[in-house]
Amino acid sequence: MPASRPYWRGYLKLSLVTCPVAMTPATSESEKVRFHTLNEKTGNRVVSQYVDSVTGKPVSDEQEAKGYERGENDYVILTDEDLEAVELETVRTIDIEKFVSRESIDWIYLDTPFYLTANEKIGDEAFAVIRDAMKAQDMVGVSRVVLGRRERVVMLEARDQGIVVWTLRFGDEVRPESEYFTGIEKKGDAKGISALETIIKKKMADWSPEMASDPVQESLIKLIADKKKAKKRSGKTKSKASKSDDQHESNVVNIMDALKKSVAKELKARKAG
Amino acid sequence: MTAHRAQWKGHLKVGELSCAVGLYTAASTSERISFHMLNVKTGNRLKREFIDSDTEEVVEHDSQVKGFDTGNGDYVMIDPEEVAAVVPDADKMLQAEAFIPHEKVDDIYFDKPYYLVPTNDEDQDAFASIRDAVVKTKATAIARTVLFRRVRTVLIRPHGRGLIATMLNFDYEVRSSKEAFKNVAKVKVEGEMLDLARHIIETKKGEFDPAKTDDRYETALAALVKAKSEGKTLPKPKPIKVSKPNDLLNALRESAGMDKGSSKKPKAANANSKKKAASTAKKPKAGAKTAHKKAS
């Protein structure tokens, strides 16, 4: 996967130790087969642009500004520079204020993971000290940082040569479990449990990334490749348009059938395995 | 069981035991502050228009179709039915295919969590037995099914009286941490430096409740808007002093010493602190509330 551009640059701080760091998302949609919107008439891509809502004229990037609505139709324009001046030290600095055990933060609060690395040579050693000390103490750090115009609470966990920064969900973003779980039977049936334990132990496995594969994406890639071929072919045989169109259609139908079958088969194989 | 609407209904199956279950959204994302886009010259609001990338003509909704990039900016149109056809038929079955020891799970793959709840009274026993067996074996179940028109993998683990199914990101969506960190300089940390840093961590050990956190950005932004609309000069961010390698040991020593009397230290960004900024900045005016709405 291609290395992504830093999503955030700033500083990591532990007490009086500060080092420059960069953060990149740990997940990316770049390899996902995605739809695009096309113009049916021309086959070209459809893109969006900003126009002035009154004059209807397109607006260039330099003329665009962010407006904070103070009252009805009353805006205060804020430049990116202005936004930098927000008086929160968390705009630029992840100051690790507290350390807790990893288990004390429930999985349900984990929102989005990022990878944090030292950003300049000057910070290499300080970064390594913070990372290794967290590892040695078997603790994760808790701090805050402003990301995407929200001040997020984050958890810092040493991993390999770097640090994973998890944004944590706020309390009001996690729905109260009592609304869902109250009323569920307290205790399972003892015999049933011991039978299930046997099954579970038999099916114990190590985690592997293939467990999160995407068979539909594999099929989509095939579908697109076939479409591309069909398009080329129909382009070459323009003179015999009607004939090739028929052929093309029947081909597509066959491919679809075949794909459906192969995906179904694959799923079965996975379940059996 | 619950008054909420299920995102998915089907069966959970371990071995030959199955029970009717529903998946319910466990977490939502609160909206961030959004701005309205304006034209600096006219002060008018902006709106989005969809145009042909080549002819630059406006493309009406009726003429917008789905397509795929086949590389080199070449696109093919695709009938949504053809796309739907590659998704296998939904069997509505979350079958545990494997179990992973709880501590071996790689959380980097986590996407959204869902509460997994029995939907029939008759299936309460089966559900509770599965839950208790997973608790006893300290295992996490892996299951795959068609969810949101895609074959997805979920991790199922016990949570109180219920279960939580965490949807996973696909393998190709997760960047390898080894790859991401491979350029990090290999620095060996040992001796006094490591001891001091460990000591600092020890002094900062504490309790943390993620449920009791707040977002101070909105209040800080309101203060900024107020300052700007009153024509005040906005404060320049203070330069940040980076620890130089030859000062690092000193900085650690000082931190380790200073933190013994940490009660005197002003708290900067304690994640569980009360709204510090809120007490110093005035609440935004009533009209400012509308700024939460998405920019069109």
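Two residues are taken to be in contact if their C-beta atoms, placed from the backbone, lie within 7 Å. The structure is a predicted model, in which local features need pLDDT of at least 70 and side-chain atom pairs count only at pLDDT 80 or more, whereas totals for chains, interfaces and linings use all residues. Residues are numbered from 1 along each chain as its sequence is written, and chains are lettered from A, with ligands numbered from 1, in the order in which they are written.

**View 1. The interface between chain A and chain B.** In this predicted model, 161 residues of chain A are in contact with 160 residues of chain B. The element that gives the most to the side of chain A touching chain B is helix α2 (residues 124–137) of chain A, with 11 residues; helices (H or I, at least four residues) and strands (E, at least two) are DSSP runs, numbered from the N terminus. The residues on this side of chain A divide into 75 nonpolar, 35 polar and 51 charged, where Ala, Val, Leu, Ile, Met, Phe, Trp, Tyr, Cys and Pro count as nonpolar, Asp, Glu, Lys and Arg as charged, and the others, Gly among them, as polar.

**View 2. Strand β4 of chain A beside strand β4 of chain B.** Strand β4 (residues 46–52) of chain A pairs with strand β4 (residues 46–52) of chain B in the antiparallel sense, over seven bridges; two strands pair if DSSP finds at least two bridges between them. Within this pairing, A:Ser48 stands opposite B:Phe50 in β4(B).

View 3. Three strands, in the order β3(A)-β5(B)-β6(B), form an open sheet with antiparallel pairing. Its edge strands, each of which pairs on one side only, are β3 (36–39) of chain A and β6 (75–77) of chain B. Neighbouring strands of this sheet are turned by 55° against each other on average, direction ignored, the axes being lines fitted to C-alpha atoms, for helices over the stretch in contact, and angles running from 0 to 180 degrees between N-to-C directions. Strand β5 (residues 64–69) of chain B is joined to β6(B) by three bridges, and the two run antiparallel; B:Asp69 has B:Tyr75 in β6(B) as its bridge partner.

**View 4. The two chains taken separately.** Chain A has six helices and 12 strands, and of its 273 residues 35% count as buried (20 or more other C-beta atoms within 10 Å of the residue's own, with C-beta atoms placed from the backbone). Chain B has seven helices and 11 strands, and 35% of its 296 residues count as buried.

Terms used
Buried ≥ 20, exposed ≤ 12 C-beta atoms within 10 Å, placed from the backbone.
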